[in-house]
Amino acid sequence: RGGAPAATVAAAPASTRQLAMSAAATAAAPEPEVLFPATGVASVRHAVLNRPRVLNALSEGMIDALARKYGEWDATPSVGAVVLSGAGRGFCAGGDVKDLAMGDDHDASARFFKREYRHDCSVSSLRAAHVALLDGVTMGGGCGVALHGAYRVATENTKLAMPECAIGLFPDVGASWVLPRLAHSVGWYLALTGASINGADALACGAATHFMRSADCERVVSAVDVPALAGMPEGVAAVGRALDSLSTPPADVGVEGSLDLAGIERCFGAGMTVEGTLEALAREDAPWAVVADERIRKGSPLSLRVTHAVLEAGARASSLADCLSMEYRVVTRLCAEPDFKEGVRALLVDKDNRPTWANASLDEVPLQSVKRFFEPMATPEEELFGDAPPPYAAAAKL
């Protein structure tokens, strides 16, 4: 299907046949999963996640493509800003983990997460200002490629979530560094409930640094051109001021914060167990608290316990690299647990939304039982940065 019929091509003159075959080959070639369009601006580079049919879910190939290009750009002194956006109506719906969960190749899973986490870490160390346009669904791995950069732009289309407990995992990709540091304990709320928040709430808690109209996102590439300051701290600040000039209050486009921030602070946060959070929600006597309670109870009990431990450790950590190193130890073990396959089956494969978890309740997962997920790897080389060059090598000593 598509292109000229074979007999027509064969009967045509040589030059015509060559053009027809070239066009057919071009039509048949899959479009790249990450686009790197020319910006026409000397100091700005642009990457576009390009799997719109699956809300730009991250494949291993996409992660590798981003890592290679970011490495090139970081080594180019004239690059002062890197803009990351998503094609279609989503920024990024997270890592494409369906095949990992439903298969039994744990080496492949470890490789995927290692590449993903290393790239997430590199975003935080770019010389250039990293600008992520969260213009749509931003979940899981999408937060990993966005939230560690200098600037995160929310819009009226933003829906940000970390729903990993619902598939038997935990909020990773550096979430243990980011979430405990969000204002009003919103990070703890996101991690345990898997609920999504809009652009106004993302701005209020600090997940986003700016808010602008979706239509204005196309102006960002030209606005953040600061060639004289490229790669300098002053240049990063200048990019922030450029984004300020495009920003607008969320209310101006009809987006209002929907979170009860005071209530969330009463019910979520460091030092409070999952059971303590559920007890606090019961005392709230408010519709949002009932929904939050229900969402928590639907998650994998093992994932909830691990998530709490991961965030507590992340709140005490001294760097993103340390958090990612810890998360890598946890994810390589947790993805081998039956809850990961069962959660993905229920939500992404059969879509019956009725997972049968290995543990019926939190009572079956004692606090001490999750320590095994945090143990060092068998050899230093197996650690996230164990075989990596500086500046990451130090994190392998975590």
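The structure holds one cavity of 30 Å³ or more. A cavity is a set of points, on a 1 Å grid over the protein atoms alone, where a 1.4 Å probe fits but cannot get out, whereas a pocket is an open set with protein on both sides within 12 Å along at least five of seven lines; lining residues have an atom within 4 Å of a point. A volume is the space filled by probe spheres set on the points, which are joined across faces, edges and corners.

This is a predicted model, in which local features need pLDDT of at least 70 and side-chain atom pairs count only at pLDDT 80 or more, while totals for chains, interfaces and linings use all residues. Residues are numbered from 1 along each chain as its sequence is written, and side-chain values use heavy atoms, without hydrogens and water.

| Space | Volume | Lining |
|---|---|---|
| Largest cavity | about 40 Å³ | seven nonpolar, three polar, one charged |
| Largest pocket | about 710 Å³ | 14 nonpolar, four polar, eight charged |

Here Ala, Val, Leu, Ile, Met, Phe, Trp, Tyr, Cys and Pro count as nonpolar, Asp, Glu, Lys and Arg as charged, and the others, Gly among them, as polar.

The lining of the largest cavity includes Cys143, His148, Met162 and Asp172. Helix 6 (141-144) and helix 7 (175-178) each give two or more residues to this lining. Helices (H or I, at least four residues) and strands (E, at least two) are DSSP runs, numbered from the N terminus.

The largest pocket has a volume of about 710 Å³. Among its 26 lining residues, Ala93, Gly94, Gly95, Met139 and Leu348 are the closest to its centre. Helix 5 (106-124), strand 6 (137-139) and helix 17 (338-349) each supply at least two residues of that lining.
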